[in-house]
Amino acid sequence: MSSYDITSLNDFIIRKQKDFPYATGELSNLLHHIGTAAKMVNAKIRKAGLVEILGKAGAENPQGEQQQKLDRYSDEVFIDALKSSGQCAGIASEENQNEVVFTGEFAGRGKYVVCMDPLDGSSNIDVNVSVGSIFSIYRRVTEREEEVSIVDFLQEGSKQVAAGYVIYGSSTMLVYTTGNGVNGFTLDPTIGEFCLSHPNMKTPETGRIYSVNEGNYIRFPDGVKKYIKYCQENDPPTNRPYISRYIGSLVSDVHRNILTGGIFLYPPSISYPSGKLRLVYECNPISFIIEQAGGVATDGTGRIMSLKPESLHQRTPFYCGSPDMIRKLVGMCC
Ligand code: P6P
């Protein structure tokens, strides 16, 4: 491949904008700024062990979880990037109790709002395990002359305009959808560009990998216990044993399962009776990507993206992945 065969994220965004005859470039501009923020967070993560940015920030997030210094840094970087795009009028973030309202003629009149987990799985940073950023973009429902309010952030996941994640793994990738399939871009650090590496990502109909924190097994719903036992005692259609793989970093577990086929489960548990993962800025964006890649995402009773959020930080049971595996699970749960 010649160096000029590279399709950068920005080339791709602009090219895909032509697929929308009425596109004005605002969403393209917003996605470009998200890509820039991802590069800045990546640069900090890649040297986390060397600079005074590891460890706890000495504060807690709205969930009472210890904020890591990189959580705070990532939150600030994404907020600044989104504000400076002029296309985003406010954000909802795991790191902030309430929505962050952008004011002024430039940002405050933005067409979109963004819900995000700026650094998911950050407790893994100190032990050098992969982490991720997750984002979800909606058209605001309030008038552009007004300031955004909570109603802009409590829309059903089916209303998402775009969603994506960044995985800071053995390489750094940005994966996103605008509702026309899923595309993955790998950061080439030698040129500082995200380059198209995984066009039109599709997840296999079935798989061998099941991802769940089995330490919580005793409190799982009976149907989930039954499904896990099924995986342990049967071979899948591929006639080779199931594989248990759990990193404890949502983006990493989901990304692997999209590529190989598999199922991710975070059921209700003792510590999290409604499930641990958050609907607005974790499950909805991941579900949009999963569905666009041909997979299924459910809370065990229905489609995740049909749920009407009642609060920013609400949690939900979350099961996503290959359709055949989800069907098997749901058949055991209901
Ligand atoms: P547990 C990370 O803290 C996170 O929010 C997700 O990234 C991950 O899937 C989940 O929690 C892991 O939770 O209880 O298995 O450690």
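1. In this predicted model, an open sheet is built from eight strands with mixed pairing, ordered E4-E3-E5-E6-E7-E8-E9-E10. The edge positions belong to strand E4 (100-101) and strand E10 (193-198); each has a single partner strand, so one side of each is left without a neighbour in the sheet.

2. Gly-90 has Val-101 of E4 as its bridge partner.

3. Helix H2 (residues 26-45) packs on the sheet and touches E3, strand E5 (112-120), strand E6 (131-139), strand E7 (162-168), strand E8 (172-177), strand E9 (182-188) and E10. The direction of H2 makes about 165 degrees with that of E6. Helix H3 (residues 69-85) lies across E3, E4, E5, E6 and E7, at about 160 degrees to E5.

4. The largest nonpolar core comprises 40 residues, and Leu-82, Val-114, Ile-137, Tyr-168 and Tyr-176 have the most contacts inside it. H2 gives the most to this core, with eight residues. Beyond its neighbours within four places in sequence, Val-114 contacts residues including Leu-30, Leu-82, Gly-90, Phe-135, Ile-137 and Phe-153.

5. Which residues of helix H7 (residues 323-333) are buried? They are Pro-323, Met-325, Ile-326, Leu-329 and Met-332. The elements covering these buried residues include strand E11 (209-211), helix H4 (222-233), strand E13 (262-266), strand E14 (296-298) and strand E15 (318-321).

Key
Residues are numbered from 1 along each chain as its sequence is written. This is a predicted model: local features need pLDDT of at least 70, side-chain atom pairs count only at pLDDT 80 or more; totals for chains, interfaces and linings use all residues. Side-chain values use heavy atoms; hydrogens and water are left out. Buried means under 20% relative accessible area, exposed over 50%, partly exposed in between (1.4 Å probe, protein chains only). Helices (H or I, at least four residues) and strands (E, at least two) are DSSP runs, numbered from the N terminus. Contact means heavy atoms within 4.5 Å. Two strands pair if DSSP finds at least two bridges between them. Axes are lines fitted to C-alpha atoms, for helices over the stretch in contact, and angles run from 0 to 180 degrees between N-to-C directions. A nonpolar core is a set of buried Ala, Val, Leu, Ile, Met, Phe, Trp, Tyr and Cys residues joined through side-chain atoms within 4.5 Å.
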